[in-house]
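Let's take a walk through a protein fold together. Keep the viewer open, and turn the model as you read.

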Amino acid sequence: MNVNKNILLVDDDTVEHMKVSRAFKKLNITNPLIHKEDGLKAKEYLESVDELPGLILLDLNMPNMNGLEFLECVKADDRLKVIPIVVLTTSNNDKDRVASYKHSVAGYMVKPIRLEEYERVIETIKQYWSTSKIAEN
């Protein structure tokens, strides 16, 4: 992953935030992790920063503005739509998966329960983004 870029985690669950933080530490991911509890706070954050994050990890089930609503806003904004977004959610629902891909997400991962499996998911994301050639935003 681009070490210079922040990674934005949009998830209302503090336990999930802790899991991602632990996985980052174990996998030596040094990108700063910015955490926002819902889509509305994440959208406000993105609108207030000069440098956009290199990646967004997005939950779907959140209060105020859920993940699909957030995707709709981000993908409608020319400045924000270039940010790669990986959905990281508990939803294994085909409708959620299809709706997410219709909003051009870069990936859709179902959150595992066990920490070891969670680390494998984060490792997969790390490997993909470390080897992918993406546009600098």
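A word on the ground rules comes first. This is a predicted model, in which local features need pLDDT of at least 70 and side-chain atom pairs count only at pLDDT 80 or more, while totals for chains, interfaces and linings use all residues. Residues are numbered from 1 along each chain as its sequence is written, and side-chain values use heavy atoms, leaving out hydrogens and water.

β3 pairs with β1 in the parallel sense over 4 bridges (two strands pair if DSSP finds at least two bridges between them). Here L9 stands opposite L57 in β3. β3 also runs parallel to β4, and 3 bridges join them. In this pairing, L58 stands opposite V87 in β4. To get from β3 to β4 the chain passes through α3, making a right-handed β-α-β crossover. "Right-handed" means that, with the strands pointing away from the viewer, the path from the first strand over the helix to the second runs clockwise.

Now look at the side chains of β3. L55 and L57 point one way, I56 and L58 point the other way, and all are buried (buried means under 20% relative accessible area, exposed over 50%, and partly exposed in between, with a 1.4 Å probe and protein chains only).

Which residues touch the most other members of the largest nonpolar core? They are L8, V10, L46, I56, L58, F70 and I85, out of 21 residues in this core. A nonpolar core is a set of buried Ala, Val, Leu, Ile, Met, Phe, Trp, Tyr and Cys residues joined through side-chain atoms within 4.5 Å. The elements giving two or more residues to this core are β1 (7-10), α2 (39-48), β3 (55-58), α3 (67-75) and β4 (85-89). Another core, of 16 residues, lies apart from it and includes L27, V86, Y118 and I122.

Next come the charges: the structure holds 10 salt bridges (a side-chain nitrogen of Lys or Arg within 4 Å of a carboxyl oxygen of Asp or Glu). In one of them, the side chains of D11 and K111 meet at 2.5 Å, N to O. This pair links distant parts of the chain, 100 residues apart: D11 is in the loop between β1 and α1 (14-26), and K111 is in the loop between β5 (107-110) and α5 (115-131). D11 counts as buried because its relative accessibility is 2%, and K111 counts as buried at 9%.

Compare E37 and K41, whose side chains meet in a salt bridge at 3.7 Å, N to O. E37 is partly exposed at 32% relative accessibility, and K41 is partly exposed at 39%.

Our last stop is α4. In this helix (residues 94-102), R97 and D94 are 3 residues apart, so about one helical turn separates them. They form a salt bridge, with the closest N and O atoms 3.2 Å apart. R97 is partly exposed, with a relative accessible area of 24%, whereas D94 is exposed at 53%. Elsewhere, salt bridges that share partners join D11, D59 and K111 into one network. After α4 comes S104, whose phi is positive, near 60°.
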